[in-house]
Amino acid sequence: MTELLTAAAPPGATAPGDPARTVTGARRVWRRLRAHRAALPAAAVLALLVLLALAAPLLAALEGQDATTYHDGLVDSARGGVPLGPFGGISADHWLGVEPGTGRDLFVRLLYGARVSLAVAVGATLVQVLVGVAVGLAAALGNRVVDGILGHLTDVMVALPMLVFAIALTAVVPAGFPRPALLVLVIGLIAWGGLARVVRAQALALKKLDHVAAARLTGASEWRIARRELLPALAAPVITYAAILLPADMIMEAGMSFLGVGITPPTPSWGQMLSAAQTWFRTDPLYVVLPALMLFVTTFAFTVLGDALRGALDPRQASRLRVGRRGRAARAGSGAGSGTGSGTGSQADVRTGGAA
């Protein structure tokens, strides 16, 4: 199919697979992304967070602490384990203080908690994308029976109470199974229904286009059509939806850890830290604020970046902006013209009346 389009293209045109066209499209997306005021700050925040998470062992060694060592001498046992010193025990050895009751270093646990939360969210999103794209394409390219079965399965997965079902699944899995991997599989294999619907709807619309019909006439298989004609066009909506799924998966992991069915101690997690901080919000408010703030900033940055990606990858976004600007300019011009005309007419009437 690509060969036919290349042969039919004029001498100065670029083929669909031409690197020059790909570079031009990437530059166009980059320009639209830069035009979004909050996109680059959100991307910078996420890049900094990922860098801190990856550098967690180095930063822990620089501070001279780790995520699991107890420091009983840094908490007041007579007061139930409240950290000694101001602001939760902040000192030169513990940059953000220590955890109440245990004395574990809070800075290092936040860094390792970022690694767990990001890894679970990214892994679950990848599973959702793989399953959702596969089911959506199979439903769009299959016959009525396949489409009906997969459509009903997708409806069931969308209507399923995800949190309740995830809690039930994690409760029956043996305790020796790695919890991060379990959360990736549970969240990823439950919450793919929305993406499957998007992929199916987009693929059904793409099937009606001329180049897909031409590929079918050349005898291309359904797999080749999906791989060469449909998947490249589905990249933009899939990336946009994945950017929306990432913060939702992070909140899901934090909620399950908060309820005690997610990441188990001593592995740190932001949701688990929030669960343990319920009894310390009066005596050590910093222990509650720090993981909550990290979770809020991360999910907010992912949400803002996802919205910016939606606008940058949507080929109709620029045309809608141009149409809106032209409409406002036309209305402003017509209003100015009518105002000028009415003013001129009134002045003529005044002059006529005065002459009469």
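## Confidence of the model

Residues 318-325 of this predicted model have a pLDDT that stays under 50. For these residues the model has two contacts beyond four places in sequence. For the protein as a whole, the average pLDDT is 81, and 81% of the residues score at least 70.

## Nonpolar cores

The largest nonpolar core comprises 25 residues, of which M250 and W270 touch the most other members. Two or more residues of this core come from each of α3 (39-54), α5 (106-141), α11 (222-258), α12 (270-276) and α13 (285-313). With seven residues, α13 is the element that gives the most.

Leaving aside residues up to four places away in sequence, M250 touches S117, L118, A121, W270, L295, T298, T299 and F302. Another core of 18 residues lies apart from the largest one; V129, A140, V199 and A220 are among its members.

## Packing of α3 and α4

Helix α4 spans residues 56-63. The axes of α3 and α4 are 4 Å apart and form an angle of about 65°. Because angles of 65 to 115 degrees count as roughly perpendicular, α3 is described as roughly perpendicular to α4.

On the α3 side, the contact is made by L52, A53 and L54; α4 contributes A56, P57 and L59. The contact residues of α3 with α4 comprise six nonpolar, no polar and no charged.

Methods. Residues numbered from 1 in each chain as written. Predicted model: local features only at pLDDT ≥ 70, side-chain atom pairs only at ≥ 80, totals over all residues. Heavy atoms only, no water. Core = buried A, V, L, I, M, F, W, Y, C linked by side-chain atoms within 4.5 Å. Buried < 20%, exposed > 50% of the residue type's maximum accessible area, 1.4 Å probe, protein only. Contact = heavy atoms within 4.5 Å. Axes fitted to C-alpha atoms, helices over the stretch in contact; angles between N-to-C directions. Parallel < 35°, antiparallel > 145°, perpendicular 65-115°, else oblique. Nonpolar A, V, L, I, M, F, W, Y, C, P; charged D, E, K, R; others polar. pLDDT = per-residue confidence, 0-100.
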